[in-house]
Amino acid sequence: MEFSPLANPLATVAQLETSNSQFDGLPADLEKSIRFAGARLTQAAGILLRLPQEVIAQAILIFMRYWLGPEAGSLHHDPADVVSAASIYLAAKTSAYQKSARSVINVYAFLDSIPTTYTDLSQLPEGVPYVSESTYTTRKRRLFSVEVEVLESIGFQITFTLPYTLCFTYLQALDAFTYPRGQHLARRAMAHLNTGLLSPQFLYLTHQPHALAVAAIYLAAREVGVKLPGVEWWEVFDVDREELGFLVVGFLSVGTFAAEEKKYWGTRKVPMTVAELDEELDVRRVSSGNASLEVDAPQNSSTGVSQSGSPVGEC
Amino acid sequence: MPGASRWANDEADAAEDARRKKEKEDKKRAKQLKQEREAAAAAAQEEDTRPSKRRKLSPTVRDDESAKPAERQLLRFEGGSWGRCRHVDNYNVINHIEQGTFGVVSRAIEVETGEVVALKMAKHDERVREADGYSVPALREVEMLRKARHPNIVALKEVVRGGDYSVSGGPIYLVLEFVEHDLRDLMNHMPEPFVASEIKTLFRQLVTAVDFLHTNHIMHRDLKTSNILLSNRGHLKLADFGMARTVPPPSTPNIPTSPLTTVVVTLWYRAPELLLGAKTYTTAIDIWSLGCIFSEFQDKTNSYILKGKNEVDQLYKIFSLVGIPTEKAWPSFSRLPNAKALKLPRNPAKPPSLKRVFPSLTDAGVDLLSWMLESNPDRRATAKDILSHVYFEESPKPKPMELFPTFPSKAAKEKRKEWTPEAPKRGEGRWSNNGWQPGEVDFTALSSGREKR
């Protein structure tokens, strides 16, 4: 079958339904948190490595693909930060902006030295952390072995068609740059496309680039107040109303999700290594044990009949 | 075979006529359909006064428009899916095809579907892997083939892994579509070289592929006849992207790109700026290779035209074919790293005109060739220039692909037909054990054979 060069391979139903991490007993909400933080980490590393956004986007999508589906990687085996490093190393390798393993390892060491995940940028640690030669050798070996693991688990599908250029083409087709706020509109649309990369719903892995571009333009035009044609212009770009609506909601929900994440994790660090993850799971086990004790006690003392069937710890 | 081409044109014309007729009919039908649809839409607009039940996303959408029947056909783009690498055991190897620069290529059959494919094993060098991780050429080839989906570029079906089932990091194989011939091998064994109309068809397909790559900011960096495949239906496909890499368009922000290596392109196809050690180069290097390939087609014996022994000799051969670049024709020439070391004659002899080197080529053909073999990369033709060149429009017209002759495929282990004598022609020699003997018949071979026994 001939595939369109404008299209990306999309996630199958089975891949969306479950993940290897969940098979290994990882709670879905924690998995979501780690994936989101990992994608952010990749974006940050890409900026520090001075990579163009297109390469960073590719890296984030490699990272996202790696965790999807029952055959994929599991957070119980593969540390999210190394997978993120391998993704960016891979994406840069095939681009025109190759980066050395040393640069990648240094950048990740710096990012790891930041004590909180949702940090205030004004409180970044000073100085560059020192990676000793032996640490470098171990980390490099691990980076390369995870690199191979990532490649094989996603079937070497590390190429993505991105919506950025399509978005500009569509804006031009819509005559958007003739508006006084056309520039602003384009910038907002790009911002939405970048936001979408981090989506916990993996918008980029479930929708084709043309649809993402259209939804970003639609949303940006509403925000900026540019009036686009009063007809279903999105159909010209082969996007139906239902898909557009879904994507618009998807783009918007990332902000809400991020705010919740920030609130939940506070000054703590989202677990990025297997050890940190185990620690977090231990903490959760203890606190949920306490919680169930606390909740159980009054129920027993009052009537002895459990009325609500709602499981403890669901929030 | 002079008769064949005449037949070919007739058949082509007939096909072309039929196609035109069909096109006309189609247009007519489409127009009628459009009119009908417009009438229906107008009627629907008048009749339909009920408000739409659908939730409106935009307040600007007027009722009558949202109530229109949602029959519009939207294009759906198929992109497939992804999954873990399958194992190479899903394929049965039939025979080896060649040992390429990049790895071993073999013909194989997919067990499940019975489809014949080419399996290309990616070399992996342990020392490189120690230093830089996964092999860059292998990754680039996969990436480029995925990006460059084009009818004239060999299609990558999937990547499979070999080695132990449970251990990752074994060898990998690219599963490519199987194409019967590679041009170099075919041209070596063809009884007669391609005729002008066939060359046009082949070369145009090749340039279309290269144009597609260049538009997508990809340099192939190893164009040569042995990397060009030809199917039995005259369909040309470009292969071997191990050297290819992306070059960002010049408008990209000032993010420094990783340096380009000058050790690219097989020597006989290497552009002068590469031989002179230029630190930066452009897609023009591919065009130079195209020029070399074009001249190879034109050569009577289909042999390489610039066959240098080493870099210096290659430059010498280039300059004796196209002349030493003057300061005016290529201003930056003398500033290139290796140019200083060159000892160039003060008053160089004027090279023979390309027309004399390739007497069979028309004036337009010579013009095209000299444009592709222009020493100054800035003045060299682009792929688009070539495609719109008058050479493709003048007679003979490109031969339709369906009318291409077929050849036994070496890759598919098909027997090449052995040379058999033709009926004697009037006034010519006769057949003997030593081939054609002009004039007198010589029976000494027969008797000498008998004596030995």
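Modeller: Across the interface of domain 1 and domain 2 of chain B, the rule finds two salt bridges. This is a predicted model, where local features need pLDDT of at least 70 and side-chain atom pairs count only at pLDDT 80 or more, while totals for chains, interfaces and linings use all residues. Residues are numbered from 1 along each chain as written, chains are lettered from A, and side-chain values use heavy atoms, without hydrogens and water.

Biologist: Why is the pair B:E177 and B:K237 called a salt bridge?

Modeller: A salt bridge needs a side-chain nitrogen of Lys or Arg within 4 Å of a carboxyl oxygen of Asp or Glu. The closest N and O atoms of B:E177 and B:K237 are 3.1 Å apart, so the pair meets the rule.

Biologist: How do you know where the domains of chain B lie?

Modeller: An automatic or database domain assignment sets the bounds: domain 1 is 86-177 and domain 2 is 181-446. Their contact (heavy atoms within 4.5 Å) takes 21 residues from domain 1 and 22 residues from domain 2.

Biologist: What makes the area between domain 1 and domain 2 of chain B "buried"?

Modeller: Buried area is the accessible area (1.4 Å probe) that two parts lose on being put together, summed over both. Domain 1 and domain 2 of chain B bury about 1800 Å² between them, 57% of it on carbon and sulfur atoms. In domain 1, B:R140, B:M144 and B:N152 lose the most area to domain 2, together 30% of what that side buries.
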